[in-house]
Amino acid sequence: MLCFKMLPPLAAHWFLEQRSRDGLSAMSGTLPHFLQEPDDAYIVKSNPIKLRCRARPALQIFFKCNGEWVHQNQHTSLEHTELGTGLKIREVMINVSRQQVEDFHGPEDYWCLCVAWSHLGTSKSRKATVRIAYLRKNFEQEPQGMEVPINGMIVLHCRPPEGVPAAEVEWLKNEELVSSLEDLNIDTRADHNLIINEARLSDSGNYTCLASNIVARRRSATATVIVFVNGGWSSWTDWSECNVRCGRGVQKRTRTCTNPAPLNGGAFCEGMSVQKSTCTSPCPVDGGWAEWTMWSVCSSECERQRTRECTDPEPKHGGRLCDGAALDTDNCTGDLCIQGGLLSAQKRHATDMESSNDVALYSGLAAGLVTVVVLIIAVTLYRRNQSEYGVDVIDSSALTGGFQSFSFKSARQGNPLLMNSSMQPDLTVSRTYTGPICYPDSMEKELIPEPALFDPLPDLKVKVHSSFMVSLGVSERAEYHAKAPSQTFPRGVVQEIGGGGGTLGGRGKSVSLLVPHGAIEEDTTWELYVSITQQDSSALSDEGQEILLSPEVTYGSPGLTLSCPVALTVAHCADVSSEDWNIKLKRQTQDNSWEDVMTVEEESTSCYCLLDTQCCHLLVERPGCYALVGEALTQAAGKRLRLAAFGNMEPNFLNYSIRVYCVDDMPHAFQEVVSVERSRGGRLLEEPKTLLFRANSFNLQVSIQDIPQFLWSIKPFTTCQEFSFSQVWCSSQSPLQCAFSLERYSPAANQLSCKISVRQVKGHEQILQVYTTIAENEKDTVPFFTQSDCTITSQTGSRAFKIPLSIRQRICATFDTANAKGKDWQLLAQKLHIDRNLGYFACQTSPSAVILSLWEAQHQERGDLDSLASALEEIGKVQSKHSTTKDCGYAFAIVCFREGKQKLQQPKC
């Protein structure tokens, strides 16, 4: 029997009507069967949820929540008849709001079920709970950072915040999801913990526990895991040789802490890296002669012999061999020997001489005749060559003066082209001023600034009073054009230069000046200077697209007039390996504005520019201030940066300061850093390195890595510093600097090893490896700095040039005049690889002289004349290919000195 008390009033009334309408046919139905029951649901924020129920056959369905019927008006019903069976299927839905759940205060969660009935009775669905979803902010347990040795176990604990429904946990490493399915060495299933069974170096990183449910997502604090490697000793090397050649000494062997090397703060190897042992080297024993043997029997040649051996004592252990001969001969002539042997031999010799006198007479006459004919042919060929080519040809004697400082005699005294011992000496006065700023040893050097380019200069005026020069007709008082004593030159190199020419600057410098012979009038001396402007540049355009690629260089004296161009060499920092730059040469005008002189690729008759990888060689005539500026055409354009790290202890003796500098790769810019660090007492921690910085708008990052965690500490969030792109790209004058302050836990920690990474985002990277020992009295130690080729030299006269004046004049006389063979200055420029913008040389009085000046400036760093000799040799070979047998006397005699030896090379016909 169906109990009507279970039904709500309206439902009971509806059921009685249906039963009376259907009559007895209702008894043939079945109980309702639920096709869909209500599911558990969560209310997110204030969004209501929908409960759904579907049954077959069902005359009616009602929801009941928390024991009470839901009003019929809150139901949404759908009804249709199943085609196959004809049974009615009814679906009912209700909404449950957050307010309804919050207002319920029962012993259990808010619940609902649905009741469906048919003609035979009712069926109840399962209870569905409705809960308000949430996720608290704070983790119950967050992972903690740790340091583990390699192959050790890593366990990171995580208990997520309380939440409904319960939060699911994931792990992130360096912001990337960690999956235990991809790496079997990792397990994330054990109670939300992360377990790495065997730690690897690649497992080092920042780990984060991520908890999430349908409401929110929470991140734990980041736990840093460092997998370190303790250092291990390598095998011992073989014992070295004894350090003394004779007697008692010491030998040693070494090992290094590189098997493996300590990494990520791992412990250094314990024990000694060097073992020493006493050794004894046998002293050398010089050899001594034993007694002579008995004389041998007299031979048929009337000689007897005796020998001795170097066995008293024998030479041992590098001792000297015996001095003298081991064989002695003596004449043993007696009466019998003279009559039988020697006398008969003399008679036979006299007979032979008489028979051969006639032959010798005729042979001598024939040889003399042949010699005269050969001389006549040689003179004829020589004169024919002179008349054909119009000028003399460079020979070996001319070039020899360029390679040797001593004189030698020539085998052909009659040839006017050859230098010989009778030549007059070069009367050009030479003066050299050298400022030594380098120490001979490469270690433990004091930080030395560049005095010749940054310090005030002493008075370098030199007057020459020589009775020898007066006797040769040279004026004792040359005319000097110099500034008054009250005036001061810019900070730079100053030198008095006359008609003999000279050079200012030196190797490894940002600027040098070459004044060729004849550029200044004879018997006239000008006080020239070359300097670098140390202030903010005004050479850049207002558009902001150009950057300074070289220092602003000034040379002169005011009012200087030149008869030919001078060669000005300026360092630059552009990467010219590709055509991604538009580089211009600019000159400062009298009103301190800047004007464009030329671009380095264009043809110009007012100036010449030869761009090398690290410097630019200019041929200019007007004194003034010059600079190279560039505009990047593509993002592939780059400039070179020089990186250096300096360090020293801070006054509290616990903190160690590391300063990293990034400057344009030019000597003067780095010397400014050297000067600053010298005043601070800084030490160079690693040899400077070069980094290519691209014009791709990405920043420059400087980070410190691999700090020993148990020995040193660094403040959080200071391990990585960054320079903006504009700071680096436009930093032409002031160096960029960042500093890292490290604190040691104990004064006993006297070793520091770390890496400094300098990289452009999406660009190149350089690593500065720091490995230094911290001394307690470091403030009293002398800082060091290494630099090669840092001597500044200013020279005048013949010694200022690699090519002697006499040879230079011969080359100019040979190539300045064009001839039918095409052997003129254009061929010389082609062979010296200075064949661009030939129109500039064509406008000069002596094109060959200007080409040689440019070659001298280009080869200041290299002290040999190989390229010039090779070029002249190639020209000689080209000429010899077109010569006939009669022209064989015309040849280029090239003297090449390679590896300190003299070789004479003359083309063959």
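Which residue in strand 46 is the bridge partner of Ser703? The residue is Cys720, and this bridge is a handy place to start a walk through the model.

A word on the ground rules first. This is a predicted model, so local features need pLDDT of at least 70, side-chain atom pairs count only at pLDDT 80 or more, and totals for chains, interfaces and linings use all residues. Residues are numbered from 1 along each chain as its sequence is written, and side-chain values use heavy atoms, with hydrogens and water left out.

Back to the strands, which, like helices, are DSSP runs numbered from the N terminus (strands are E with at least two residues, helices H or I with at least four). Strand 44 (residues 700–705) pairs with strand 46 in the antiparallel sense over four bridges; pairing calls for at least two DSSP bridges between two strands. Both strands belong to an open sheet of four, ordered 46-44-48-49 with antiparallel pairing. At its edges lie strand 46 (720–723) and strand 49 (765–773), each pairing on one side only. On average, neighbouring strands of this sheet are turned by 15° against each other, direction ignored; the axes behind such angles are lines fitted to C-alpha atoms, for helices over the stretch in contact, and angles run from 0 to 180 degrees between N-to-C directions.

Now to the aromatic rings. Rings of Phe, Tyr and Trp (its six-membered ring) pair if their centres lie within 6.5 Å; planes under 30 degrees apart count as stacked, over 60 as edge-to-face and the rest as tilted. By this rule there are 14 aromatic pairs. In one of them, the ring centres of Phe693 and Phe725 are 5.7 Å apart and the planes meet at 25°, so the pair is stacked. This pair links distant parts of the chain, with Phe693 in strand 43 (residues 689–694) and Phe725 in helix 8 (residues 725–729), 32 residues apart.

Phe693 also forms a tilted pair with Trp729, at 6.3 Å centre to centre and 40° between the planes. Here too distant parts of the chain are linked: Trp729 lies in helix 8, 36 residues from Phe693 in strand 43.
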